[in-house]
Structure formats: C-alpha cells, structure tokens
Amino acid sequence: VLYDANKVIHSLENLIEKKKNIKQGTMLELLSGEKRLEGFNEKWEEKTLKDIVEIPISDGPHETPKFLRDGIAFLSVNNIAHNQIDLSSLRYISTEDHIRFSKKCKPQKGDILLGKAASVGHVAIIDFLFEFNIWSPLALIRINNNNIAKFIYYYIQTKHIKNQIIFLTHSSSQGNLGMGEMEKLEFLLPLKKEQSSIAQILSDMDSEIYELEKKRDKYIMVKNGIMQKLLTGEIRL
C-alpha cells in the first residue's frame, strides 16, 4: 500500500518537474520575442523600468516597528519565495503603524514586489486582496496602464533582467539594489495586447503546476496518515 502511494507521489513529482521545464522553455521563447504568437508582428520597443511605472518606485519604512502577535501583516524579503508571496510566517504591526507607513507606500493588488536588500532580485506579484504593508528590503513597483503587470513580473524573472540586477548589485558598495538603479533596468517590450496574451499563457501554466502541487501534497498527507496507522497496527490489512 505504501509503495503504491509512493509511486503516485513520485509520478506527480516527475510531472510537476516536466511542466516546470516546459514553462521555463516557453518563457525563454515568448519573453525574448524568439517565438511570436499568431497575429502579432509589431516591433518590440526598448524601455527602462522608469518608463513603465505608474508611480515612482517606493519601499517600506527604514525603521524597525514594534511587532505584535496579531494586527496588520508586515512583509519583508523573506516572505518572497519561488516567485510568490509566502504567507506561512508573517509578522504583524499595529493599525497605527500601518496607517503611518501607508503614507509612503501602500501595496495593492497587481503591484510587483522586488527584493532590494538581503535576497536581492526575489520577485512576486500581489494577487490577493487584504491589508498589509512592506519593510524597506522590498521595493514596490506599480506598472502603468500601457503595460501588463503580470507580463513585467514574468519578464523580471528572465536572465536578461537577472544579469542586470547582478551587475547593479555588484556595483553597489553595500551589495543592495537602490531604487534609482532599479529604474535603469532595461526591458524589450511588445505592445500591451501581446503582453496580455503572453502573460495569460504563462499564468495558465502556473495554475496547472499549482494544482498538481496541491494534488501531490494531498497524497503525501494521506500517505503519512495511512503509514502511521498501518505501522502501529491501528489499521490491519
């Protein structure tokens, strides 16, 4: 029974890895313009990050707030993992601090978070609606209406941007990525409609991977529960 459960889990892990590799290949082709989607042939344009933001890039407070056991979630760069926001280990601040910090930086759905200190270059997009705030190691990037935030989020994950971040970080005496330097990041962008189509394809692939990971995790949980009962004799075959 346990061997069969392991086979199913192993099969799902192999499928997840295969899907991730396919997605990486698709990102490489679509985000470089190497492969164009049907119906699109307009020339891509060079832009800097400064050219495509709605508001100036900002960050959280440069002070250490008083952390509470409950309150408003307060995210730092350690809450960005695998290009997603990790809500499993949150810290909290008071409503008063949140209101004060929000005068400088107030995250909203669709904003991009980019690590600028410690884990420089870690990126995520806010895809949920609830009140939270961010600390200074994170930069908040709000993309203007002429571009698609999800496309820019995927583009930041490419080697083209990662290599620029590495260069700019190494050029800094503190090993951080300043917001002024961040504005200089160079993109090669299609028009908004093509950005939207590419982002949708990659987003659908992410959703498929996420569902497979959920299924794998469920099998692991069930297997661990069965194993406990079988190996203690609580359940007999």
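**Conversation about a predicted model**

Visitor: Leaving aside its neighbours within four places in sequence, which residues is Thr169 in contact with?
Guide: Thr169 is in contact with Val120, Gly175, Asn176 and Leu177, once neighbours within four places in sequence are left aside. Contact here means heavy atoms within 4.5 Å.

Visitor: What kind of model is this, and how are residues numbered?
Guide: It is a predicted model, in which local features need pLDDT of at least 70 and side-chain atom pairs count only at pLDDT 80 or more, while totals for chains, interfaces and linings use all residues. Residues are numbered from 1 along each chain as its sequence is written, and side-chain values use heavy atoms, with hydrogens and water left out.

Visitor: Back to Thr169: where is its place?
Guide: Thr169 belongs to helix α5, which covers residues 159-171. Helices (H or I, at least four residues) and strands (E, at least two) are DSSP runs, numbered from the N terminus.

Visitor: Is Thr169 buried or exposed?
Guide: Thr169 is buried, as its relative accessible area is 11%. The term buried means under 20% relative accessible area, exposed means over 50%, and partly exposed lies in between (1.4 Å probe, protein chains only).

Visitor: Now the whole protein chain. How many helices and strands are there?
Guide: The protein chain has seven helices and 11 strands. Its C-alpha trace spans about 65 × 50 × 35 Å along the principal axes. Of the 237 residues, 41% are buried.

Visitor: And what does its accessible surface come to?
Guide: The accessible surface of the protein chain comes to about 14,000 Å², and carbon and sulfur atoms account for 51% of that. These areas come from the Shrake-Rupley method with a 1.4 Å probe; for residues, only the protein chains shown count as cover.

Visitor: How many positive and negative side chains are there?
Guide: There are 33 positive and 31 negative side chains, and the centres of the two sets lie 4 Å apart. Lys and Arg count as positive and Asp and Glu as negative, with His and the chain ends not counted. The place of a charge is NZ of Lys, CZ of Arg, CG of Asp or CD of Glu.

Visitor: On to the sheets. In what order do the three strands of the open sheet with mixed pairing come?
Guide: The order is β6-β3-β9. The edge strands are β6 (91-93) and β9 (132-134), each pairing on one side only. On average, neighbouring strands of this sheet are turned by 40° against each other, direction ignored. Two strands pair if DSSP finds at least two bridges between them. Axes are lines fitted to C-alpha atoms, for helices over the stretch in contact, and angles run from 0 to 180 degrees between N-to-C directions.

Visitor: In which sense do β3 and β9 pair?
Guide: Strand β3 (residues 72-75) and β9 pair in the parallel sense, over three bridges, and Leu75 stands opposite Ile134 in β9. By contrast, β3 and β6 pair in the antiparallel sense, also over three bridges. The bridge partner of Ile72 in β6 is Ile93.

Visitor: Which way do the residues of β3 point?
Guide: Ile72 and Phe74 point one way from β3, while Ala73 and Leu75 point the other way; all are buried.

Visitor: What about the open sheet of four strands: in what order do they come?
Guide: They come in the order β2-β10-β7-β8, with antiparallel pairing. Strands β2 and β8 (123-125) stand at the edges with a single partner strand each, so one side of each is left without a neighbour in the sheet. Helix α4 packs on the sheet, touching β7 and β8, and its direction makes about 165° with that of β8.

Visitor: How many residues of α4 are buried?
Guide: Helix α4 (residues 149-156) is mostly covered, with seven of its eight residues buried. Among them are Phe151, Tyr153 and Ile156.

Visitor: Which residues does Ser58 touch?
Guide: Not counting residues up to four places away in sequence, Ser58 touches Lys104, Cys105, Leu138, Ala139, Leu140 and Met179. Ser58 is in strand β2 (residues 58-59) and is buried, with a relative accessible area of 12%.

Visitor: Finally, where is Glu194 found?
Guide: Glu194 is found in helix α7 (residues 192-231). Glu194 counts as buried, at 2% relative accessibility. Neighbours within four places in sequence aside, Glu194 is in contact with Arg36, Phe40 and Trp44.
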